[in-house]
Amino acid sequence: MTFSKRSALMRKRGRSGYWFVLPFIIGLVLFFIPAFVESICYGFSEIQPPSEGTGQYTMKFIGLENYRQVLFVDPDFVREVVSSLGSLILSSVIIIIYSLLIATILNKNLRGKGIMRAFLFLPVVISTGIISRVDAANVLTSATGGVLTSGTETGGMFTSYDMLEAFKSMHIDFALLDVVLDAVENMYDIITRSGVQLLIFLAGLQTISTSIYESAKVEGATWWETLWKITFPMISPLILVNVVYTVIDSFTAAGNPVMDRIYSTIVTDVNFPIASVMSTLYFIVVTVVLLVAVLITSRLTFYENK
């Protein structure tokens, strides 16, 4: 096959990908963009109660007053965004590393690996719907002084207190200690949100030809060299995909304090303009974080056909 024919075939395959994203594009144009524009309009307006006889609410343009309220008058929103930013980025990194590590293990010729894959993806299934609501209720009960408490803090054979004492005895830096303890205390959440990434990595690993590994072994490459020179470059496009998915999933999760604050402003306070401003500002923050993550990851991404 000549280079021109191969190039034409690659372009044809690339165009066929648009058919797969067509439902998303339709939904984006018909539902998301109109709602997003309306939300921005709410942020520059004040909703006034209906006048007698009309029964309709009206919007009055007030400029940047709602933004001033959120950024400079509200004492909590900016603080919540800043405080949650570091933990959300850290949890996203841990999820990527954990899912890649488990996928690499499951890609080996292990007995019963099919059952292991099912069990590792099971938390993703059971964490949806009624189970997630029960977990949220448990957290709320614990926070309000109820009888339910976190097992990582008070129960079990190996608690975060045990790890704290072990790390102290090894004279490990407290900055690293905080990172490890935070990851351990959120291990359930990390495992629950790693199922999709795990499957994507596992699918990518299984597409790598075994002859490549055999050739590397014949040449005397070690397992570590094979991991860095073959495995990581070959699945780097999927790392980029998982980074995008994980960042969006982490920053829009139900337990996110910023998302809970926005939801509370809508449901409890019934203040749509302020909630719209919070949503717009948080959307900008997530977009900036996502662009930085994609920029860093894409520079390390290897495409076989290029």
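The side chain of Asn242 lies 3.4 Å from the backbone oxygen of Gln197. This is a polar contact, defined as a pair of N or O atoms within 3.5 Å; within protein, one must be able to donate a hydrogen and the other to accept it, and residues adjacent in sequence count only if both atoms are side-chain atoms. The model is predicted: local features need pLDDT of at least 70, side-chain atom pairs count only at pLDDT 80 or more, and totals for chains, interfaces and linings use all residues. Residues are numbered from 1 along each chain as its sequence is written, and side-chain values use heavy atoms, with hydrogens and water left out.

Asn242 sits in helix α12 (residues 223-251). Helices here are DSSP runs (H or I, at least four residues), numbered from the N terminus. Asn242 has a relative accessible area of 0%. It therefore counts as buried (under 20% relative accessible area, with a 1.4 Å probe and protein chains only). Beyond its neighbours within four places in sequence, Asn242 is in contact with Ile96, Gln197, Ile200 and Phe201. Contact means heavy atoms within 4.5 Å.

Asn66 belongs to helix α2 (residues 65-73). Asn66 is also buried, at 7% relative accessible area. Its contacts, leaving aside neighbours within four places in sequence, include Tyr42, Phe44, Pro273 and Val277. Asn66 and Glu46 are 20 residues apart in sequence, and their C-alpha atoms are 8.4 Å apart.

Helix α12 also pairs with helix α14 (residues 272-298). Their axes come within 10 Å and cross at roughly 160°. Axes are lines fitted to C-alpha atoms, for helices over the stretch in contact, and angles run from 0 to 180 degrees between N-to-C directions. The two helices are therefore roughly antiparallel (an angle over 145 degrees). From α12, residues including Ile239, Val243 and Phe251 take part, and from α14, residues including Tyr282, Leu290 and Ser298. By class, this contact has 13 nonpolar, two polar and no charged residues. Ala, Val, Leu, Ile, Met, Phe, Trp, Tyr, Cys and Pro count as nonpolar, Asp, Glu, Lys and Arg as charged, and the others, Gly among them, as polar.

A second pair joins helix α3 (residues 77-106) and helix α13 (residues 257-267). Their axes come within 9 Å and cross at roughly 150°. These helices are therefore roughly antiparallel to each other. Phe77, Glu80, Val81 and Ser84 of α3 meet Pro257, Val258 and Arg261 of α13. Four of these residues are nonpolar, one is polar and two are charged.

Methods: Buried means under 20% relative accessible area, exposed over 50%, partly exposed in between (1.4 Å probe, protein chains only). Angles under 35 degrees count as roughly parallel, over 145 as roughly antiparallel, 65 to 115 as roughly perpendicular and the rest as oblique.
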